[in-house]
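Open the model in your viewer and keep the selection tool at hand.

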Amino acid sequence: MQTYHKPVLVEEVLTALDPNPSKTIVDGTFGGGGHSSRLLEKGSRVIGIDHDQDAIAHAKPLLDKYSTLTLINENFSNIRKVLEQLNIYYIDGILLDLGVSSWQFDNKARGFSFQEEAELDMRMDQNLAVKAKDLLAALGEKELAMLFQRFGDEPRAKVIAHKIVALRKTKPLETTKELADLIVKVYGNRHSKLHPATKVFQALRIAVNDELNSLEQTLPQTIELLKPGGVLVVISFHEGEDRIVKQFIRKQVELGTLDQLIKPITPTQEEIQNNPRSRSAKLRVATKT
């Protein structure tokens, strides 16, 4: 298969899920199938879920190779419904690799990257009605600032929101370059090695795809679906995502439904050098009691 996405923390995921022919594992964020292909190699049945139609279309070679792979074009927040339709009620493991895939990020037509000139789209599911440019056109200054702060931890959120609202009075912001250039002007030369537009683009992506709400809806379903001894594995790339996962697991540990691997697992320096996009990844593991 042509490289669609370079998965992170692969060996750590395999260690946690311990795949074998007796297990059924859900990959709730199938993407390019990087994690799933390794699970399939070990003989596990894999139910791959992804709300991006491109990911499903790209996976045909894996479907042809493995009869133990089932792919569903759906949001992982509907995991219980997906499994019920397959007459599956309990599973051995669930993997959620949150965030954007390399394919989505590098495909300039999708509008996720400030490195390429493209329409401000950012929809992972192309059936969604609202694009990033629509949010920039419709939200008020306070709402934009709150969005950039909450989902991107953007320190200059208020200034950027003010500039966006001022500019759209004469011309709407419609492309990635227009937005990135506006943010660069706000920062001038006063920024770290991180590109000034990184946090705003992240915030817009999270908002467009309602990522945090989807995660909050999904996690309680995992408790119902995992067999005793079943394993939940979540890889997050953003503090907001990780906070939701950490608090959920902590509460379930208090209730006695999960046992937790206390410390999150992060990439080695070697992996970060080979795959710089892995640098912010955190993997959390919990086992159903």
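Two strands pair if DSSP finds at least two bridges between them. Keep that in mind while looking at this model, which is predicted.

**Stop 1: a pair of strands.** Select strand E2, residues 45-50, together with E3; five bridges join the two, and they run parallel. Now pick Ile 49: its bridge partner in E3 is Ile 72. Strands of a sheet pair through backbone hydrogen bonds, either parallel or antiparallel.

**Stop 2: the whole sheet.** In what order do the seven strands lie? Color them and read across: E3-E2-E1-E4-E5-E7-E6, an open sheet with mixed pairing. At the edges are strand E3 (69-73) and strand E6 (258-260), each of which pairs on one side only. From one strand to the next, the twist averages 20 degrees.

**Stop 3: a helix on the sheet.** Select helix H1, residues 10-17, which packs on the sheet. Show its contacts and you will find strands E1 (24-27), E4 (91-97), E5 (226-236) and E7 (282-288). The direction of H1 makes about 165 degrees with that of E5.

**Stop 4: two helices.** Move to helix H9 (residues 157-168) and helix H10 (residues 176-187), which pack at an angle of about 130 degrees with their axes 10 Å apart. Because of that angle, H9 is oblique to H10. Their crossing is right-handed.

Which residues make the contact? On H9, select Val 159, Ile 160, Lys 163, Ile 164 and Leu 167; on H10, select Leu 179, Leu 182, Ile 183, Val 186 and Tyr 187. By class, the contact of H9 with H10 has nine nonpolar residues, one charged and no polar.

Definitions and conventions. Residues numbered from 1 in each chain as written. Predicted model: local features only at pLDDT ≥ 70, side-chain atom pairs only at ≥ 80, totals over all residues. Heavy atoms only, no water. Helix = DSSP H or I, 4+ residues; strand = E, 2+ residues; numbered from the N terminus. Axes fitted to C-alpha atoms, helices over the stretch in contact; angles between N-to-C directions. Contact = heavy atoms within 4.5 Å. Parallel < 35°, antiparallel > 145°, perpendicular 65-115°, else oblique. Left-handed = near helix turned anticlockwise from the far one by under 90°. Nonpolar A, V, L, I, M, F, W, Y, C, P; charged D, E, K, R; others polar.
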